[in-house]
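Please open the structure in your viewer and keep the selection panel at hand.

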Amino acid sequence: MNIRESTASAPGKIILFGEHFVVYGNPAILMAVNMRLNVYIKVIHDGNKIHIQSDSRKKIYDQINIKFKKDKLSFFDPIIHTCRKIFDQEKIQNVGLNIKINSDIPNGIGLGSSGAVSVATNAAILSIFKKPNKTDIFLNASETEKLIHKYSSGADCLISTVGGLVLYKKNQKYRRINYNNKFSFLIIDTGIKHSTKKMVEKVKKFSERENERFIKIKETANQICNDAIKTMKNGDEIGTGLLIRENHKLLEQIGISNVVIEKIIKKTNDAGAFGSKLTGAGGGGSIISLVPIEEKERIKKRIENQGYRVFPVIIDNQGVLIKKIVR
Ligand code: PMV
């Protein structure tokens, strides 16, 4: 083993169209955003201890073969699982690691921070032992992500690995979507924590209670995704904005919006956004707003003045990057 250090980074994501309906076999459009999480790994000669440090916490694992309670993992345990798995795969013994994680992806508001940590960690560790390709990284990262979110569909790891704009359907190969504009988005944190599991359950109940209505809404959501592929390919911001507004109405109809979300959406649209919608599970989390690039700062300030955190983003085309390898 010659490589002693590596650094990898991976982007966060938003769901642009099709959340929830994707659970029922519809397509969704996923977009990687230019917010990144970096993982730095150094091989150390300290038994097989693993030192991990993130922006907010620090822990030393004395050895890699720790017994975990699968249903009660602590913050860094999934990363140790990942190290152990890669060490087993590559038949590595008696190696210690120093792992440092820093991120500009806000946590817990549906922007794919745990997907990005899974992708970047796997990319950085794998690249110490071999030259990994994106498929290796994605498959390993999906396993790590399943430890963090038991019911993860793998969508966050996929978009964080490949970057760009992607049409995603459960159990199918993804398709890249071409786009011809520098689509400029604002992400607004509602400040309300949400549980994806609870919101998915809520939609399931709705789909059972109002089955015929749900089927119709789902068909419309499918059409919106198909139309959005065209508007984005044509670089049409107005058309894409209208589809964003329509998609949000469907999410409202299935019961995952609330007064805070509606208030922020009205404010952004009134301030001049092409369109705004909740993104991801709903009930809180984040809102996305497609805005004219020249109006971005003005709209951002207006929403910040209401007391919300706002993050301007564009599409990230790179996906996972292995940035540095020191031999
Ligand atoms: O808020 P997030 O990033 O956890 O997104 C959830 C997306 C859902 O469609 C609601 C669930 C899923 O697994 O696709």
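The residues of the shell around the ligand comprise five nonpolar, five polar and two charged; here Ala, Val, Leu, Ile, Met, Phe, Trp, Tyr, Cys and Pro count as nonpolar, Asp, Glu, Lys and Arg as charged, and the others, Gly among them, as polar. This is a predicted model, in which local features need pLDDT of at least 70 and side-chain atom pairs count only at pLDDT 80 or more, whereas totals for chains, interfaces and linings use all residues. Residues are numbered from 1 along each chain as its sequence is written, and side-chain values use heavy atoms, with hydrogens and water left out.

**The ligand and its shell**

Select the ligand together with Lys13, Ile15, Glu19, His20, Val22, Val23, Gly110, His194, Thr196, Val200, Gly280 and Ala281, which surround it; a residue is counted as near when one of its heavy atoms lies within 4 Å of the molecule. Next, display the distances from the oxygen atoms of the ligand. A backbone N or O atom of His20 lies 2.9 Å from a ligand oxygen, and a polar backbone atom of Ala281 is also 2.9 Å from an oxygen atom of the ligand. From Thr196 it is the side chain that supplies an N or O atom, at 2.8 Å from a ligand oxygen. The protein covers 82% of the 380 Å² of accessible area that the ligand has on its own, as computed by the Shrake-Rupley method with a 1.4 Å probe; for residues, only the protein chains shown count as cover. Strand S1 (5-17) and helix H5 (196-209) are the elements that give two or more residues to this shell; helices (H or I, at least four residues) and strands (E, at least two) are DSSP runs, numbered from the N terminus.

Now select Asp189, in strand S8 (residues 184-189). Is Asp189 buried or exposed? Its relative accessible area is 10%, so Asp189 is buried; buried means under 20% relative accessible area, exposed over 50%, and partly exposed in between (1.4 Å probe, protein chains only). The side chain of Asp189 reaches the backbone nitrogen of Gly191 at 2.8 Å.

**Helix H8**

Colour Ile261, Ile264, Ile265, Thr268 and Asn269, the buried residues of H8. They cover an arc of only 130° around the axis and therefore lie on the same side of H8, the arc being that of the directions from the helix axis to the C-beta atoms. On the other side of H8, Val259, Lys266 and Asp270 are exposed.

**Two asparagines in loops**

Finally, select Asn94, in the loop between helix H1 (77-89) and strand S5 (96-103). Asn94 is not a glycine, and its phi is positive, near 50°. Asn94 is exposed, with a relative accessible area of 66%. Asn171, in the loop between strand S6 (165-168) and strand S7 (175-176), has a positive phi of about 60° although it is not a glycine. Asn171 is exposed, with a relative accessible area of 79%.

Conventions: Polar contact = N/O pair within 3.5 Å; in protein donor to acceptor, adjacent residues only side chain to side chain.
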